[in-house]
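Hi,

Here is the structure I said I'd pass on. Have a look at it first, and then read my notes below.

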Amino acid sequence: MSVWPLRSAMYVLSSVPIATLLAVPLGLLAFPWALLARRVATNTAQPASGLILLVLGAALVAALGPLVARPLAAAERVRLRLVDHRPVPSVRRVPFGLSWYRQPLTWRELSYAVLLVTVVPALYSMVAFVLILIAVCALSPWLVPAGEINFGVTVITTPPQAVPYSITGFAALVTVPYLLTLVAGVHGAVARALLHPGAADELHAELVEVSRSRARLVSAFEAERRRIERDLHDGAQQKLVGLTLQLGLAKLDIPAASPAAGAVETAHQQAKQLMSELRELIHGIRPNVLTDLGLPAALRELADQCPIPVVVETDLPRRPPEQVEATAYFVVAEALTNVAKHSGATAVAVTARETAGLLTVEIRDDGRGGADPSNGTGLTGLADRVAVAAGRMLLSSPPGGPTLIRTELPCA
């Protein structure tokens, strides 16, 4: 004998207490609607109060309903195994917040919860009525002595009159397992359709996870870069300064005409050159002016170092977040380097402004144009760096110029 009828019966019977428990919190959330329905039924509803109750009920169900539906959905995915042997993939959840409410799966779970306390009780009531009818028919010869049986269309008053109904009832008992299996199958199919994470949900969850992991990697990279800068500044640079001083003192102690004087002089010059290069390297990792004075001062310093005249305009009511500030700085630095190497421009304009939480940085030059990311000028790397900060980069560079690079970085 198949175990599916037994599993279906367990699924149907277990749905009753779950729906009963779920009806309590959902009923509380929908209480304004119930009150509105009562007032409409008694013809005492007022337009203003009715609108308030309607909006209040919608707000409660939309805001708190998903919180009630979420544990139910988790339990239903486990219970679904009673009637569906196919595994239900695990659901990748984003942390509770606005992004959670933007997931289609969240609202499908709420839809299933509403169906479980509205449509499912009505369906199960019909099934229960059919089962009771079959039982009464099968036992009618033994029930008639206690009183007549009224089926609505006919009345049974004597045991002999009940015999045909009893035979029909016992014959119908064979169909009960199939009825339960059918009802459980329909219920399970609806549950799987609403609770199964679809391809779009999986893609959304994966994109969210990728974005979060990318943000973690960027934070780790920034922390590691600061550590390297600190180690170079406090360690290697200080040791190199000490070495340069020692070589300078040794040069004073060695006679100028001695063979060692030339070698010490050469080592002294190389040490100073190396110290200068190390200072530039530390400055390139994260310039002190950016850390100490912020983006406007750092952009002006870049403009002073560029061989092409650069006009800088900034309008920043507040200091952007550290990652956004660093991204904007290095975009401008790389863009000015590209302009100096490839554009043939005679003037460059750099503007940075923040509007409605969005930092916009534009670099415009009057060069020959024709910039193409596929030519290996670093534009693809810039776009990737901006994308890591959840921003975007736009490029306009028609042949003959001018070239405009625009980056938009959210400051939230």
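**The sheet and a helix pair**

E6 and strand E7 (residues 403-410) are joined by five bridges and run antiparallel. If you want one spot to check, find Met 393: its bridge partner in E7 is Thr 407. Keep in mind as you look that this is a predicted model.

Those two strands belong to an open sheet of five, in the order E3-E4-E5-E7-E6, and the pairing is mixed. Strand E3 (310-315) and strand E6 (392-396) sit at the edges with a single partner strand each, so one side of each has no neighbour in the sheet. Ignoring direction, neighbouring strands here are turned by 10° against each other on average.

Two helices lie across this sheet. Helix H12 (residues 295-305) lies across E3, strand E4 (348-355) and strand E5 (358-365), and runs at about 175° to E3. Helix H13 (residues 322-343) lies across E3, E4, E5 and E7, running at about 10° to E5.

The other thing I looked at is a helix pair. Helix H5 (residues 104-138) packs with helix H7 (residues 159-172) at an angle of about 135°, their axes 6 Å apart. That angle is why H5 counts as oblique to H7. The crossing of the two, H5 and H7, is left-handed.

Which residues of H5 meet H7? They are Ile 134, Cys 137 and Ala 138, and on the H7 side they meet Tyr 165, Ser 166, Gly 169, Phe 170 and Ala 172. By type, the residues of this H5 and H7 contact split into six nonpolar, two polar and no charged.

Cheers

Methods:
Residues numbered from 1 in each chain as written. Predicted model: local features only at pLDDT ≥ 70, side-chain atom pairs only at ≥ 80, totals over all residues. Heavy atoms only, no water. Pairing = 2+ DSSP bridges. Helix = DSSP H or I, 4+ residues; strand = E, 2+ residues; numbered from the N terminus. Axes fitted to C-alpha atoms, helices over the stretch in contact; angles between N-to-C directions. Contact = heavy atoms within 4.5 Å. Parallel < 35°, antiparallel > 145°, perpendicular 65-115°, else oblique. Left-handed = near helix turned anticlockwise from the far one by under 90°. Nonpolar A, V, L, I, M, F, W, Y, C, P; charged D, E, K, R; others polar.
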